[in-house]
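Trainee: Could you take me through one part of this structure slowly? I would like to look at a single residue and its surroundings.

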Amino acid sequence: MTKKQTAGRDALGDFAPKFAELNDDVLFGEVWSRESELSARDRSMITCASLMSQGLFPQLEAHMKIAKANGVTKDEMVEIITHLAFYAGWPKAWSAFGIAKKIFD
């Protein structure tokens, strides 16, 4: 990712500064930047799949936006959700589709 992540500091910087630092500098600054190991696009697909599987829909919405910016297409997101419906649960897929429609339409 070329854009510096500030979501942690923006949301929790005053309340939980160490967590905000780890979120922005380590998770997004170091892990997500290792594109020679795994592209940002692939990391986005994996992250969205994990969040949907856990039913973490507020985070899923944010990461679907990142996924779209990282080149994941609507058709790919639809396929990810459809595939995961059989492993993560049908209700989770319905919820994820609601989010995907907002972001990819």
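Mentor: Happy to! In this predicted model, His 63 sits in helix α4, which covers residues 57-69. Let's begin with how much of the residue can be reached from outside. The relative accessibility of His 63 is 13%, and because buried means under 20%, His 63 counts as buried.

Next, look at who surrounds the residue. If we leave aside the neighbours within four places in sequence, His 63 is in contact with Phe 28, Trp 32, Thr 47, Cys 48 and Leu 51.

Now let's turn to empty space. Rolling a probe the size of a water molecule over the atoms shows where such space is left. The largest pocket holds about 350 Å³ of space, and 15 residues line it. His 63 is one of the lining residues nearest the centre of this pocket, together with Asn 23, Leu 27, Phe 28 and Gln 59. Two or more lining residues come from each of the helices α1 (7-12), α2 (17-31), α3 (40-54) and α4. Sorted by class, the lining has eight nonpolar and seven polar residues, with no charged ones.

Finally, let's step back to the whole chain. The domain assignment gives domain 1 (1-33) and domain 2 (44-104), and their C-alpha centres are 22 Å apart. Both domains give residues to the lining of the largest pocket, so the pocket lies between them.

How values were computed
Residues are numbered from 1 along each chain as its sequence is written. This is a predicted model: local features need pLDDT of at least 70, side-chain atom pairs count only at pLDDT 80 or more; totals for chains, interfaces and linings use all residues. Side-chain values use heavy atoms; hydrogens and water are left out. Helices (H or I, at least four residues) and strands (E, at least two) are DSSP runs, numbered from the N terminus. Buried means under 20% relative accessible area, exposed over 50%, partly exposed in between (1.4 Å probe, protein chains only). Contact means heavy atoms within 4.5 Å. On a 1 Å grid over the protein atoms alone, a cavity is a set of points where a 1.4 Å probe fits but cannot get out, and a pocket is an open set with protein on both sides within 12 Å along at least five of seven lines; lining residues have an atom within 4 Å of a point. Grid points are joined across faces, edges and corners, and a volume is the space filled by probe spheres set on the points. Ala, Val, Leu, Ile, Met, Phe, Trp, Tyr, Cys and Pro count as nonpolar, Asp, Glu, Lys and Arg as charged, and the others, Gly among them, as polar. Domain bounds come from an automatic or database domain assignment.
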